[in-house]
Amino acid sequence: MHVTKEKQQIKEPISQDRHHSWHSIAAEEALELLDVSAQEGLTEEEAQQRQQRYGLNVMTPKKQQSAFVRFLLQFHQPLIYILLAATVVTFTLEEYIDSAVIFAVVFINAIIGYVQETKALAAIDALARSMTAKAQVIRNGNRQNIKAQELVPGDIVLVQSGDKFPADVRLLQVRDLKVDESALTGESVAVEKKTQPVAKDDVLGDRFSMGFASTVVTYGQARGLVVGTGDHTEVGKIQKAISGAQDLETPLTKKIKEFSQLLLWVILGLAAAVFAVEISRGADWADTFMVAVALAVGAIPEGLPVAVTIMLALGVSKMAKRRAIIRKLVAVETLGSTDVICSDKTGTLTENQMTVQQIVAAGKVYAVHGLGYRPEGHILEQDQKADLSTNKALEQLLIAGLLCNDSAVKEEADKWTIEGDPTEGALVVAAQKAGFERKKLEQECPRKDAIPFESEQQYMATLHDGARHVIYLKGAVEAVLDRCRGMLLANGQEGPLDTDAINKQVEEMASEGLRVLAFAMAEAPDGLSGISHEDTRSGLLFLGLQGMIDPPRQEAVEAVRLCQLAGIEVKMITGDHALTASAIASKIGLRGETRNGKLVAITGKELQQIEDKDLEDVAAHISVFARVSPDQKLRLVKALQARGHVVAMTGDGVNDGPALKQANIGIAMGITGTDVAKDASDMVLTDDNFSSIEGAVEEGRSVFDNLTKFIVWTLPTNLGEGLVILAAVVLGTQLPVQPVQLLWINMTTAVLLGLTLAFEPKEPGIMDRPPRPPHEPIMTRDLIMRTLLVGTLLLIACFSLYLYERRILGTNIAEARTVATTVFVVLESFYLISCRSLVRPMREIGFFTNKWVYYGIAAMFFCQALFIYLPLMNTLFSSAPLDIMQVLRILGAGVILLLIVTIEKTIRFRINRRKEKEKAVTES
Ligand code: ATP
């Protein structure tokens, strides 16, 4: 009676948290309350209806800063304070136009800053969102993957190690389930879960019969009933929704911010000193104030921090196009200095398209014909079709491969594909080639229970009854042999186990690059209805081996070559056999220590024996690490970092988290990666392909190049402007450029000219040079010299043309100042062309490879024409129309500047090339 009443309540459109104590009722009761069967799940229609009733399984995002607050924050900068003060002072001095112009500039600046920041945030946010969480459910009696947000109360979900619970679930069935609930309870030790109800008033951490949204399965598997979704989950209630907001700060932006801050104080100090000197000279204090403001406005690179963030964010979208999704902005800049990439083998360096090629059973070797997943081909014994009835071990080996298996092959549009794990798919295909029918076998020997494959255990086992009560087991050779007491002979009898012969056979197969799986079986004891690791610990019969090829990805071969050219070492860290790993590594072209012409592979067992201090050396010289466990991955990363390397490390498993976090760049696999690995990573590969890492490195280098170009382009302007003001003070002349005019220069050029450098394509040979040392300053000695040179040239050009106008031609002050302002705009435009490459001459990078630069210059010239000739602008900025001779003189100065910088660049380029050549000669 009670149940029916509750049931009616649930069926009503009620809020989900009406029924608080799912943990304290039996699983069956929960199923009944939500009106669903654990085997069949909901029907699609019912799920649709419930979705309308309960809404999507999403948490309302935490309230973020409102747009208005973010806009106001744009004014929260020291420079803006100065400008606001200038607005007030000019206003009180009744310089209304100046006051209005300065305020307008501040306002427009805030709008631009706001729009750009919003765009950058949106771009990163969209990428983060594009990785939607998936959930495995049972609906209409079938397993299927759906978007986690489509889950409704009553859905039956399946989770396994590495998954996050997609909603709050009442557990129905568990196998060794351990869950990390730290996201919810703060408790970092994983909790073992059960299905029995617990007391009603138990606290969250003790509700062992529940799986809570956002907590992570660290071990085992479970089937659960969704009881709470979205805001009605425990995590939703405590409002811990992971906010989509990204941190836009990176070490580089921080450094630049610090640098700008320092510069600000220096310049303010200088401005104050100028102010004091001028006042003591008896100058008009209002004029002097404007001089000080001009110095501050001109010399502070106000656009720099924003521009750097924008350029990094642009890098993020470029990388997304190359199938690398950046989760943390810092990765964009770290990629440029990465010098070691530690990569998984299967699926990243190889295709993960397995085909069984060789089988060994009862000492006989068989070849398997046919490539890919099409189940057509034969098992051959010395070129003849093998007769299975003559070898019982072969027969059982193939059956074991088929039944101890969670994957399937299917044909779609004449193409055979795998559903599940390719290693297992290959075993299904091999058995089908021998003529076995899976459905029939499964009916004869239905599965009672299974121990799923986990990388740590390196095996999987299944328990069957029906025609035969057996356990089948498959896994890595070492893991299987350890459990065997004998082997099955061709006549079906038990024989002694010749471990040495088997290992020799394995070595032969592995040295050809085959991935070898071993198989075993055991009669199951009567009455056994479930299996544990204990039941498979010993006493099994060895059945044989299946060796499969997994060809290297052709793109990976090329990508590895490019990385090596770029001074980046690639290391393979795999769970596979040492010889298989070494053979594949050679095919892919990895470099590293060799013995007898073969790449040396170190195994996890050997790593255990190596002390931390010796590990540094091993990690540096060896390039293949096999049978490595996740904690050893962590040791390897640390050892490489101790040598000063910047390490990128891939990972997909639930235990890879610590290594991914420790690495300078943790890279998770988008397809095969677990939620845990993705959460711990800085970057996710949407195609799991090694070549995408190489692509991201290329983009990272290019972003860094462009950032440097921007900085080298912008700093001389500020230097030049500062010097012009100081020179005017020292020489006691009027200011050649007024504060509002400096604002005009800085604001328009940064957006129209500077940012076009973000679209500069990769320089030729970007992957021919070594990685950027992580602690190398952006401004190298060469670049500082260039900044000084250009800053001085700007000073000379501006001041000499200004004085020429005033003293020689007797031009009025408005016109002369317009000349001085235009000098900055024009010279910066010419200098921009040179900044397209910091070292290479223009002909090497191509004149028109970045058309945005020229569009930017055209737009800048148009705006400058308005500044010079539009009466309104003349009023606002105290500018005046210029004649053709004045314009030509300025353009001439631009050409001279470009010439001088080009000569400087060419000389430096030649010197550096010569040095490099000499270095190469001495090294060789
Ligand atoms: P990588 O770390 O390069 O991706 P991997 O896929 O070879 O390598 P694991 O998945 O940890 O690494 O597999 C380790 C070993 O476990 C394999 O070499 C194989 O012998 C065995 N193995 C892999 N998949 C299965 C499976 N589904 N069932 C049983 N054994 C398996």
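Two residues are in contact when they have heavy atoms within 4.5 Å of each other. In this predicted model, residues 24 or more positions apart account for 71% of the contacts in the chain with a separation of 6 or more. The chain has 924 residues, of which 53% count as buried. Its secondary structure consists of 32 helices and 30 strands. Taken along the principal axes, the C-alpha atoms fill a box of roughly 115 × 80 × 50 Å.

The domain assignment divides the chain into five parts as follows. Domain 1 covers 5–61 + 127–243, and domain 2 covers 67–120. Domain 3 is assigned to 266–314 + 701–923. Domain 4 takes 334–350 + 553–688, and domain 5 takes 355–549. The centres of domain 3 and domain 5, taken over C-alpha atoms, are separated by 71 Å.

Seven cavities of 30 Å³ or more are found in a search of the whole structure. The volume of the largest cavity is about 390 Å³. A total of 27 residues line the largest cavity, and the closest to its centre are Asn-109, Glu-302, Gly-303, Asn-746 and Ala-750. Four helices each supply at least two residues of this lining: helix 6 (96–130), helix 11 (304–321), helix 25 (690–731) and helix 26 (739–752). By domain, at least three lining residues come from each of domain 2 (67–120) and domain 3 (266–314 + 701–923). The lining of the largest cavity divides into 14 nonpolar, eleven polar and two charged residues.

The second largest pocket holds about 1,500 Å³ of space. Its lining comprises 36 residues, and Arg-769, Pro-770, Val-839, Asn-912 and Glu-916 are the closest to its centre. Helix 25, helix 27 and helix 32 each supply at least two residues of the lining. Helix 32 gives the most, with ten residues. By class, the lining of the second largest pocket has 13 nonpolar, five polar and 18 charged residues.

Helix 32 was then considered on its own. This helix runs over residues 884–923 and has 40 residues. The buried residues of helix 32 are Gln-886, Ile-890, Ala-893, Gly-894, Leu-897, Val-901, Glu-904, Lys-905 and Phe-909. An α-helix has 3.6 residues a turn, so residues three or four places apart point the same way. The cover over the buried residues of helix 32 includes helix 27 (781–809), helix 28 (813–835) and helix 29 (842–845).

Helix 28 also contains Leu-832. Leu-832 has a relative accessible area of 0%, and a residue under 20% counts as buried, so Leu-832 is buried. Leaving aside residues up to four places away in sequence, Leu-832 touches Trp-713, Leu-753, Thr-756, Leu-757, Val-853 and Ile-857. Leu-832 and Gly-856 lie 24 residues apart along the chain, and their C-alpha atoms are separated by 9.9 Å.

Several loop residues were also examined. Leu-34 and Asp-35 both belong to the loop between helix 2 and helix 3. Helix 2 spans 27–33 and helix 3 spans 44–54. At 2% relative accessibility, Leu-34 is buried, because the cut-off is under 20%. Asp-35 has 34% relative accessibility and therefore counts as partly exposed, a class that lies between 20% and 50%. Phi of Asp-35 is near 55°, a positive value in a residue other than glycine. Leu-34 is 468 residues from Ile-502 in sequence; C-alpha to C-alpha, the two are 54 Å apart in space.

Arg-323 also has a positive phi in a residue other than glycine, with a value near 65°. Arg-323 is placed in the loop between helix 11 and strand 8 (324–326). With a relative accessible area of 45%, Arg-323 is partly exposed.

Conventions:
Residues are numbered from 1 along each chain as its sequence is written. This is a predicted model: local features need pLDDT of at least 70, side-chain atom pairs count only at pLDDT 80 or more; totals for chains, interfaces and linings use all residues. Side-chain values use heavy atoms; hydrogens and water are left out. On a 1 Å grid over the protein atoms alone, a cavity is a set of points where a 1.4 Å probe fits but cannot get out, and a pocket is an open set with protein on both sides within 12 Å along at least five of seven lines; lining residues have an atom within 4 Å of a point. Grid points are joined across faces, edges and corners, and a volume is the space filled by probe spheres set on the points. Ala, Val, Leu, Ile, Met, Phe, Trp, Tyr, Cys and Pro count as nonpolar, Asp, Glu, Lys and Arg as charged, and the others, Gly among them, as polar. Domain bounds come from an automatic or database domain assignment. The expected span of a helix is 1.5 Å times one less than its number of residues. Buried means under 20% relative accessible area, exposed over 50%, partly exposed in between (1.4 Å probe, protein chains only).
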